[in-house]
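Please keep the sequence and the 3D view open while reading.

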Amino acid sequence: MYKYVLRRVFWTLPTLLVVFTVVFFVMRVVAGDPAVVILGEHATAEALTNLRHQLGLDQPLRVQYYTALVNLFRADFGRSFINNQPIAPQIFQVLPYTIELTMAGIIIGVFLGVPLGILSAVRRNKMTDYLSRVFSLIGLSAPAFYLGILLLLLFAVQLDWFPIIGFSQSGGVTRRLNHLFLPALSLGLTFAAFMARMSRSTMLEKLSADYIRTARSKGVPEFKVIFKHAMRDSLISIVTVIGIYVGVLMGGSILTETIFNRPGLGKFLVGAIWQRDYNAIQSGLVIYTSIIVLVNLAVDLLYGFIDPRIKYT
């Protein structure tokens, strides 16, 4: 297993390099000049030229790329073009909020979607199944940011159960969860709809398998047939979907953080894009990619614990 992990970690380097290269050149091709953003549209040509020289934007593109690449391999994210502050502390200050929101959305999605999908499969073509499928259709059709607005109107504005916007760094775990619940729910409901549909289709396939019919013919209780045999055999598919959806939820957290006025890596990246802060954008997307790659590696390793027959070579 150790050789497999080392090989997977080694192959993440080309992935990060491709992402960094694409972002680097795309950001310099699209319209916009950081010097103009910093100094304003009415700045003199001399002032703009001096600032581009200070930022290194007047150097040839290949020189800028080489310098940025060397700094990346040194784990040096550089300084922000806007406030001249180191980027790494800014990213790692807001990253925990994005991870917190994503993990909360995953927990809500799994604990709501998986049981609903199993119940729908067990009670196929009955009222429970129809309601579950309607829920999945609505959840998959409604974007997370739209659900967030509806949740704000209902639970924060009308019922006044939760704070409207913002976050809390003080007041204990209860106060922090109170601020986290609505943003996490807006992400988790969409994920729950997807998990319910996926769990239903997977369980229907497993429940029609020969070994399930054999277990039932031997008089095995239905509870054990569903959860010990069919459910356990479906775990690989469920874990795979969770690993894939981590990237989707982190991407969806950008709008969610903006709607609920929460700090996070997504909101940080949106600000950096508007300000044409090249270093911040490159560094933030590399962090995003690293997290997704590590999650996929963790999912691959979980396969071996779920099914001991899986061997790593």
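Helices here are DSSP runs of type H or I with at least four residues, and they are numbered from the N terminus. The model is a predicted one, and within it four salt bridges are counted. The points below take up three of these pairs and then turn to the nonpolar cores.

**Salt bridges around Asp129**

- Asp129 and Arg133 join their side chains in a salt bridge, with N and O 3.4 Å apart.
- Both residues belong to helix α6, which covers residues 127-141, and because they are four residues apart in this helix, about one helical turn separates them.
- Asp129 counts as buried because its relative accessibility is 0%, whereas Arg133, with a relative accessible area of 37%, is partly exposed.
- Asp129 also forms a salt bridge with Arg200, where the distance from N to O is 2.8 Å.
- This second pair links distant parts of the chain, since Asp129 sits in helix α6 while Arg200 sits in helix α8 (residues 172-207), 71 residues apart.
- Arg200 is buried, as Asp129 is.

- Asp210 and Arg213 form a salt bridge in which the closest N and O atoms are 2.2 Å apart.
- The two residues both lie in helix α9 (residues 210-217), and their spacing of three residues is about one turn of the helix.
- Arg213 is partly exposed at 45% relative accessibility, while Asp210, at 53%, counts as exposed because the cut-off for that class is over 50%.
- Through salt bridges that share partners, Asp129, Arg133 and Arg200 are joined into one network.

**Nonpolar cores**

- In soluble globular proteins, nonpolar side chains tend to be buried together.
- The largest nonpolar core of this model contains 62 residues, and Leu182, Phe191 and Met195 are those with the most contacts inside it.
- Several elements give two or more residues to this core, including α1 (2-29), α5 (87-122), α7 (144-158), α8 and α10 (222-259).
- Which residues does Leu182 contact, once its neighbours within four places in sequence are left aside? They are Leu151, Leu152, Phe155, Ala156, Phe162, Pro163 and Phe260.
- Another core, of seven residues, lies apart from the largest one, and among its members are Phe24, Tyr65, Ala68 and Val286.

How values were computed
Residues numbered from 1 in each chain as written. Predicted model: local features only at pLDDT ≥ 70, side-chain atom pairs only at ≥ 80, totals over all residues. Heavy atoms only, no water. Buried < 20%, exposed > 50% of the residue type's maximum accessible area, 1.4 Å probe, protein only. Core = buried A, V, L, I, M, F, W, Y, C linked by side-chain atoms within 4.5 Å. Contact = heavy atoms within 4.5 Å.
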